[in-house]
Amino acid sequence: MSQPTATTPAQPAGTEALAAAARSVVDAVVRAGDHCAERAAELAARLRAIADELDRCAPPLQDRLGEMREFSRSVKYNPVTGPGNPFSPPLDCTDPDDAGDGTVRGAVALGLPYQGPPGHVHGGISALLMDHMMGVANGRAGVPGMTARLTLDYHRPVPLYQELTVTARHRSSDGRKVLTTGTIGAGGETYVSAEGLFIQPRTPLRE
Ligand SMILES: CCCCCCCC(=O)SCCNC(=O)CCNC(=O)[C@H](O)C(C)(C)COP(=O)(O)OP(=O)(O)OC[C@H]1O[C@@H](n2cnc3c(N)ncnc32)[C@H](O)[C@@H]1OP(=O)(O)O
């Protein structure tokens with residue numbers, strides 16, 4: 001029977017399918033661990049061959065960095081929600097359901113690659129989710145900015161393989177300083193709460 005792959009989104013296509021496949025490789029590598037040690041060298045060579053093939057398609061890094069300045073591309077490839085980035089879980093906030101109060105919501109279930117304490121999510125991953133969702137909330141509130149300070153309270157360990165709800169809400173602005181809060185929870189329980197200070201740039205981040 002196949003093991004749960006909490007990080008695999010449903011029916012992706014194109015480069016998103018490629019990212020999803022890479023994500024499932026990462027998941028499988030961590031799940032297999034030393035149980036695949038005898039075949040590790042052979043499988044590693046095959047994966048490296050695929051990486052070399054992709055590298056041959058890649059433009060020069062400076063060109064790619066230039067492309068990624070485009071907002072739609074930065075969204076597609078960002079490390080939290082980006083369906084084109086195998087590093088992203090990805091957190092789904094395509095339907096953020098902001099309930100009219102400015103709260104944005106996302107959903108994600110995290111597998112073994114994101115483990116910190118046994119059976120639970122690494123604290124730095126929680127910080128990543130919070131930082132990003134607060135950024136999304138600020139963007140939706142029309143006050144996008146750079147994270148200057150992020151404070152997290154870890155109330156309970158965050159379980160792996162459980163659908164988590166990630167929320168964020170812009171609370172107030174004082175000049176260029178933006179205060180935003182967020183939570184990670186499930187089933188009415190809050191595992192992590194966060195507060196962030198964001199600074200709006202002197203010139204807009206994007207048109
Ligand atoms: C679409 C989704 C997007 C998701 C985005 C997610 C957000 C991110 O991850 S951003 C990446 C991580 N963050 C960074 O790399 C930021 C690095 N830091 C910087 O670039 C700068 O320090 C930056 C931009 C935050 C502030 O610099 P600058 O614009 O020069 O502001 P500056 O003039 O120093 O300060 C403005 C005000 O903020 C205050 N302030 C700045 N930093 C802090 C801080 N860490 N703590 C408290 N106050 C601060 C200053 O005291 C000042 O206050 P006042 O106006 O009362 O005097």
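**Reading salt bridges and a ligand shell**

Guide: A salt bridge joins Arg73 and Glu70, with their closest N and O atoms 3.3 Å apart. The term covers a side-chain nitrogen of Lys or Arg within 4 Å of a carboxyl oxygen of Asp or Glu. This is a predicted model, in which local features need pLDDT of at least 70 and side-chain atom pairs pLDDT 80 or more, while totals for chains, interfaces and linings use all residues. Residues are numbered from 1 along each chain as its sequence is written, and side-chain values use heavy atoms, with hydrogens and water left out.

Visitor: How many salt bridges does the whole structure have?

Guide: Side chains of opposite charge can pair when their charged atoms come close. The search finds seven salt bridges here. Arg39, Glu42 and Arg46 are linked in a network of them.

Visitor: How far apart in helix H1 are Arg31 and Asp27?

Guide: Arg31 and Asp27 are four residues apart in helix H1, so about one helical turn separates them. Helices (H or I, at least four residues) and strands (E, at least two) are DSSP runs, numbered from the N terminus. The side chains of Arg31 and Asp27 meet in a salt bridge at 2.8 Å, N to O. Asp27 is buried, at 0% relative accessible area, whereas Arg31 is partly exposed, at 28%.

Visitor: Which distant parts of the chain does the pair of Arg156 and Glu189 link?

Guide: Arg156 forms a salt bridge with Glu189, the closest N and O atoms being 3.2 Å apart. Arg156 sits in the loop between E2 and strand E3 (164-174), and Glu189 in strand E5, 33 residues apart.

Visitor: Which residues surround the ligand?

Guide: A residue counts as near if one of its heavy atoms lies within 4 Å. Among those around the ligand are Asp131, His132, Thr147, Arg176 and Arg202. Strand E2 (146-154) gives the most to the shell, with four residues.

Visitor: What lies 3.0 Å from a nitrogen atom of the ligand?

Guide: A backbone N or O atom of Thr147 does. A polar contact is a pair of N or O atoms within 3.5 Å; within protein, one must be able to donate a hydrogen and the other to accept it, and residues adjacent in sequence count only if both atoms are side-chain atoms. Polar side-chain atoms of Arg176, at 3.0 Å, and Arg202, at 3.1 Å, lie by oxygen atoms of the ligand.

Notes
Buried < 20%, exposed > 50% of the residue type's maximum accessible area, 1.4 Å probe, protein only.
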